[in-house]
Amino acid sequence: MNKIDHKTDPTCIFCKIIAKEIPANIVYEDADFLAFLDIHPVSLGHTLIIPKDHYRWVWDVPQLGKYFEVAGKIAHAQQKAFDEEAIWSGIRGDEVSHAHISILPQSKTLGNKKDFEGNAQKIRDALK
């Protein structure tokens, strides 16, 4: 597999996650986007979706349609994985200067939101 060169910011924590320099509980990855569990989850399976190229704001991402298709995939997987109808989302870029969409179940389901590997596996299984 050929390594894809991406625009990165060496000081960005999300760029370091993309480069696999920092571990993350990844639930989805393709050539352009990466989705992983938020280390400070608000609910079960709280997932961040980021472009692999470093863009400051979501609105700067050239493949905006594909970006939201990935967000939809993750949201549907969360519905299935956690038996939740309501999935919330937020467009972020303030606390980390790398575009990201936050997708999280409403969280009526009981469970441990800090069971990162277990929750990540549920989402990965639901994506199949």
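Visitor: Before we start, what counts as a disulfide here?
Guide: A disulfide is a pair of cysteine sulfur atoms within 2.5 Å. Keep in mind that this is a predicted model.

Visitor: How many disulfides does that give?
Guide: The count is 0.

Visitor: Is cysteine 12 buried or exposed?
Guide: Buried, because its relative accessibility is 6%. Cysteine 15 is buried too, at 5%.

Visitor: New topic. Which residues of α3 are buried?
Guide: Asn119, Ala120, Ile123 and Ala126. They span an arc of only 125° around the axis, so they sit on the same side of α3.

Visitor: Why would residues spaced like that line up?
Guide: An α-helix has 3.6 residues a turn, so residues three or four places apart point the same way.

Visitor: What covers them?
Guide: The cover includes β1 (26-29), β2 (33-37), β3 (47-51) and α2 (64-82).

Visitor: And the largest nonpolar core, how many residues?
Guide: It has 24. Val27, Ile49, Tyr67, Ile74, Ile101 and Ile103 have the most contacts inside it. At least two residues each come from β1, β2, α2, β5 (100-105) and α3. α2 gives the most, with 7 residues.

Visitor: What does valine 27 touch, leaving aside neighbours within four places in sequence?
Guide: Its contacts include Ala35, Phe36, Leu37 and Ile74.

Conventions:
Residues numbered from 1 in each chain as written. Predicted model: local features only at pLDDT ≥ 70, side-chain atom pairs only at ≥ 80, totals over all residues. Heavy atoms only, no water. Buried < 20%, exposed > 50% of the residue type's maximum accessible area, 1.4 Å probe, protein only. Helix = DSSP H or I, 4+ residues; strand = E, 2+ residues; numbered from the N terminus. Arc of directions from axis to C-beta. Contact = heavy atoms within 4.5 Å. Core = buried A, V, L, I, M, F, W, Y, C linked by side-chain atoms within 4.5 Å.
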